[in-house]
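Here's a short tour for anyone meeting this structure for the first time. Have a look at it below, and then we'll walk through a few of its features.

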Amino acid sequence: MTLVTTMMAIAVAFIISVLSGFIILPILKRMKFGQSIREEGPQAHQKKAGTPTMGGLIFIISIIISTLLLSYLQGDGVLTTQTIVLLIVFVGFGIIGFLDDFIIVVLKRNL
């Protein structure tokens with residue numbers, strides 16, 4: 001991957017993140033996917049209550065789309081094994097983050 005291709009991937013991912021943020025964040029607020037704060041914690045943390053969680057979806061979606069798009073445009077449309085492995089690991093970390101947010105929001109266990 002050349003420097004130009006890398007910069008294009010970053011630019012495309014940024015644009016997708018900004019645009020999808022305007023769509024996804026209001027949906028998360030409407031669904032009440034907000035941060036719950038433990039009462040035992042510091043008072044300064046109480047102002048974080050209601051902050052939308054699961055915003056990592058924005059970054060995961062934008063990076064996957066930009067990677068697939070630019071790998072297709074770069075050559076003959078074939079993903080390398082290295083790219084596929086990196087995307088699988090990236091999605092795996094995204095699943096861990098989703099489960100963490102799910103436990104906090106749905107099960108109300110903010111430990």
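Helix 1 and helix 2 pass each other in a right-handed crossing. Keep in mind that this is a predicted model. The two axes come within 8 Å and cross at roughly 140°. On the helix 1 side, the residues making the contact include Thr-5, Met-8, Val-12, Ile-16 and Leu-25. Helix 2 brings in Phe-59, Ile-65, Leu-69 and Gln-74, among others.

| Helix | Residues |
|---|---|
| Helix 1 | residues 3-30 |
| Helix 2 | residues 56-74 |
| Helix 3 | residues 81-105 |

Now for helix 2 itself. How far apart are its end C-alpha atoms? They sit 27 Å apart, and that agrees with the 27 Å its 19 residues should span at 1.5 Å a residue. Which of its residues are buried? They are Ile-58, Ile-60, Ser-62, Ser-66, Leu-70 and Ser-71. Helix 1 and helix 3 are among the elements that cover them. Ile-58, Ser-62, Ser-66 and Leu-70 also take part in the contact with helix 1.

Is Thr-80 buried or partly exposed? Its relative accessibility is 43%, so Thr-80 counts as partly exposed. The side chain of Thr-80 also makes a polar contact of 2.8 Å with the side chain of Thr-83.

How values were computed. Residues numbered from 1 in each chain as written. Predicted model: local features only at pLDDT ≥ 70, side-chain atom pairs only at ≥ 80, totals over all residues. Heavy atoms only, no water. Axes fitted to C-alpha atoms, helices over the stretch in contact; angles between N-to-C directions. Helix = DSSP H or I, 4+ residues; strand = E, 2+ residues; numbered from the N terminus. Left-handed = near helix turned anticlockwise from the far one by under 90°. Contact = heavy atoms within 4.5 Å. Buried < 20%, exposed > 50% of the residue type's maximum accessible area, 1.4 Å probe, protein only. Polar contact = N/O pair within 3.5 Å; in protein donor to acceptor, adjacent residues only side chain to side chain. Expected span 1.5 Å × (residues − 1).
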